[in-house]
Amino acid sequence: MSILERAKELRRVIKNHEVVFIVGHKDLDLDAIGSALGMSYIVEKFKKEAYIIIDDDTFEPAVEKIINQTQKSRFIKSSNLFRKKKSKNLLVVVDTNKEKLLQNSELLNEFEDVVVIDHHQPNSSSIETKMNLIDTESSSACELITELIYYYGIKLEPEIATTILGGIVLDTNNFVVKTRAKTYFAAYHLTSFGADPRKVQYYLKQDIKDYIIRQKVIVDVEIINEKFAVSVGDESIKYKREELAKIADTLLQFHEITASFVIGKIANDTIGISARSEGKTDVGELLEQLGGGGGPQEAATQIQESNINHVKKQLLEILK
């Protein structure tokens, strides 16, 4: 079924419910918050109530800026779900298809009807639902949402269009990776509503301390088989998942490197790996061997009850 065919079905599903709740993954990034906000506008276009569920206590700078400038009534915590629910409720999951990555992994127990809109590769641990709109060729969830906005003929305010554009810019690394004709068209369509590329760059401004920490990880890079870049974070530092991803994106820009892998502690008892590829190496397939997964060009995994050195040893065995 094509995206447009599923768009018709999505419209029917939304219209059959009174309230639509939207949720992204933990540690929101621009793609998650942008696609969630875009989805809320779609829901309101069909004259239904829309709420975005956010349980994160802290936010990366870009997300914090957007939340601060957005009407607070759009956001609720999952603990307040019961105050907004009515007889017919729908949950829309954006920018992830994994239950364990949701803002609250217990949310699925609260809904009979769930829709997933995502661009990540599904696997055996993906959310089981009657309807999904998953396109692994799309650069981002924001690109998918923009397709829906175009199809439905929805007009956006400049601020929301800018936020959605920011999600596309983030996930394509400034239109360098996973970029196709539809990606450029999505960006064009958003700028027709007044999306401001300069404001996007403002959102993406980095904290200099975080930047220095990432550079230290890059300095310790190890080259495997003359084509794989592997970097390891400091055992004493806790990294955000998106920080590991940014480092992996950077490593992929160097000559002869066809795939990059960045290992770092993301919680007290959890080691994360973020991987990127030009496409010649299927990093999703490789990280499946470590309990993770993803697509050929981007993948990740989380390993519990381990340490960085042990995880690195496991990864090197796979790569060699």
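**Strands and helices in a predicted model**

Colleague: How many bridges join strand E9 to strand E10?

Modeller: Bear in mind that this is a predicted model. Strand E9 covers residues 259-267 and strand E10 covers residues 270-277, and the two run antiparallel. In that pairing, Lys265 stands opposite Ile271 in E10. The number of bridges joining E9 to E10 is eight.

Colleague: Which strands stand at the edges of the sheet?

Modeller: Six strands make up an open sheet with mixed pairing, and their order is E7-E8-E9-E10-E12-E11. Each edge strand has a single partner, so one side of it has no neighbour in the sheet. Those strands are E7 (222-224) and E11 (293-294).

Colleague: What angle does helix H10 make with E9?

Modeller: Helix H10, residues 241-251, packs on the sheet and touches E8, E9, E10 and E12. Helix H12 (residues 308-319) lies across E7, E8, E9, E10 and E12, and runs at about 160° to E9. For H10, the angle with the direction of E9 is about 160°.

Colleague: Are helices H5 and H7 parallel or oblique to each other?

Modeller: H5 (residues 141-152) and H7 (residues 181-191) have axes 10 Å apart and pack at about 60°. Angles under 35 degrees count as roughly parallel, and 65 to 115 as roughly perpendicular. The pair is therefore oblique.

Colleague: How many charged residues does the contact of H5 with H7 have?

Modeller: H5 passes H7 in a left-handed crossing. Among the residues making the contact are Glu143 and Glu147 of H5 and Lys182 of H7. The contact also has five nonpolar and three polar residues, while the charged ones number three.

Conventions:
Residues numbered from 1 in each chain as written. Predicted model: local features only at pLDDT ≥ 70, side-chain atom pairs only at ≥ 80, totals over all residues. Heavy atoms only, no water. Axes fitted to C-alpha atoms, helices over the stretch in contact; angles between N-to-C directions. Helix = DSSP H or I, 4+ residues; strand = E, 2+ residues; numbered from the N terminus. Parallel < 35°, antiparallel > 145°, perpendicular 65-115°, else oblique. Left-handed = near helix turned anticlockwise from the far one by under 90°. Contact = heavy atoms within 4.5 Å. Nonpolar A, V, L, I, M, F, W, Y, C, P; charged D, E, K, R; others polar. Pairing = 2+ DSSP bridges.
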